[in-house]
Amino acid sequence: MLTIAGSDSGGGAGIQADLKTLQSLGAHGMSAITLVTAQNSHGVQGSWPLPPEAVEAQFRACVEDIGVDAVKTGALGDEATVRLVARLLRTLDERVPVVVDPVALSKHGDTLLSGRARAALLAELLPRTSVFTPNLDEAAWLLGHRVPDRAAMRAAARELLAHGPDWVLLKGGHLADDAAADLLTDGESEHWFVAERIPNRHTHGTGCTYASAVAARLGAGLPVPESVAAAKAYVTEAIALGYPLGSGIGPVGHPVAL
């Protein structure tokens, strides 16, 4: 599995979280790093995008020699990188599943996707997306309006599907209730995945981990609903095992399956 994402120097999210997740779930993880961040338990102190030619070279090195069964994208950062990644993904066999995590906002509220990149993501990347995995804050940022409840989640998912992904997994962890309810829909069928809210503040890397787990299950040949169900179970247990690291928000516990 190939993850195309940013590096988290603190090791809790981004490429680092993706590779830990894949290792735990029995997949071989490869990476194409898009940007480098200076990051710790308190947030992002700096971010530096890699040149597009460096991202493309990493992608081609992995795909042309090793091959790929699934792709997950994370923080892409700027418009040029979003357009490049969309173009590269279109060169893959259309049967290769692609999970897109927009990573527009960090756990601490840092903006990780530029405004111009937002338009490119909606217009160019989503049409090659198998499963799109925004949380409620990211969906609100992409659509320009709040998503305050489950009824609004249904409407927001329909809006996002109009941009071309096969499925939308809208994560409801930010809802103000006792359940972490996620909506998966392709516009025809609807699946809700609900887990009891876990009282653990150490949740850094949750979105990256969840999306990578979905991609790992898709790459193993599971259908989308079953892949999301397995990923939801994995990330829920990982949140329960989140641990303090530094003096801020620590990471989830990735080695669950091990």
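**Ground rules.** I worked on a predicted model, taking local features only at pLDDT of at least 70 and side-chain atom pairs only at pLDDT 80 or more, while totals for chains, interfaces and linings use all residues. Numbering starts from 1 along each chain as its sequence is written, and side-chain values use heavy atoms, with hydrogens and water left out.

**Entry 1: α3 on α4.** I took helices as DSSP runs (H or I, at least four residues), numbered from the N terminus. I looked up α3 (residues 79–89) against α4 (residues 115–125). They pack at about 15 degrees, with axes 8 Å apart. Axes are lines fitted to C-alpha atoms over the stretch in contact, and angles run from 0 to 180 degrees between N-to-C directions. α3 and α4 are therefore roughly parallel (angles under 35 degrees). The crossing is right-handed (the near helix is turned clockwise from the far one by less than a right angle). From α3, the contact (heavy atoms within 4.5 Å) takes Glu79, Val82, Arg83, Val85, Ala86 and Leu89. From α4 come Arg116, Ala117, Ala120, Leu121, Glu124 and Leu125. I noted eight nonpolar, no polar and four charged residues. Ala, Val, Leu, Ile, Met, Phe, Trp, Tyr, Cys and Pro count as nonpolar, Asp, Glu, Lys and Arg as charged, and the others, Gly among them, as polar.

**Entry 2: α2 on α3.** Next I checked α2 (residues 52–65). α2 and α3 pack at about 25 degrees, axes 10 Å apart. This pair is therefore roughly parallel, and its crossing is right-handed. Pro52, Val55, Glu56, Phe59 and Arg60 of α2 meet Ala80, Leu84, Arg87, Leu88 and Leu89 of α3. I noted seven nonpolar, no polar and three charged residues here.

**Entry 3: the second largest pocket.** I found about 170 Å³ in the second largest pocket. A pocket is an open set of points on a 1 Å grid over the protein atoms alone, where a 1.4 Å probe fits, with protein on both sides within 12 Å along at least five of seven lines. The volume is the space filled by probe spheres set on the points, joined across faces, edges and corners. The lining (an atom within 4 Å of a point) has 15 residues, and Met1, Ala27, His28, Asp69 and Gly219 are the closest to the centre. Helix α7 (residues 206–219) gives the most, three residues.

Methods. Helices (H or I, at least four residues) and strands (E, at least two) are DSSP runs, numbered from the N terminus. Angles under 35 degrees count as roughly parallel, over 145 as roughly antiparallel, 65 to 115 as roughly perpendicular and the rest as oblique.
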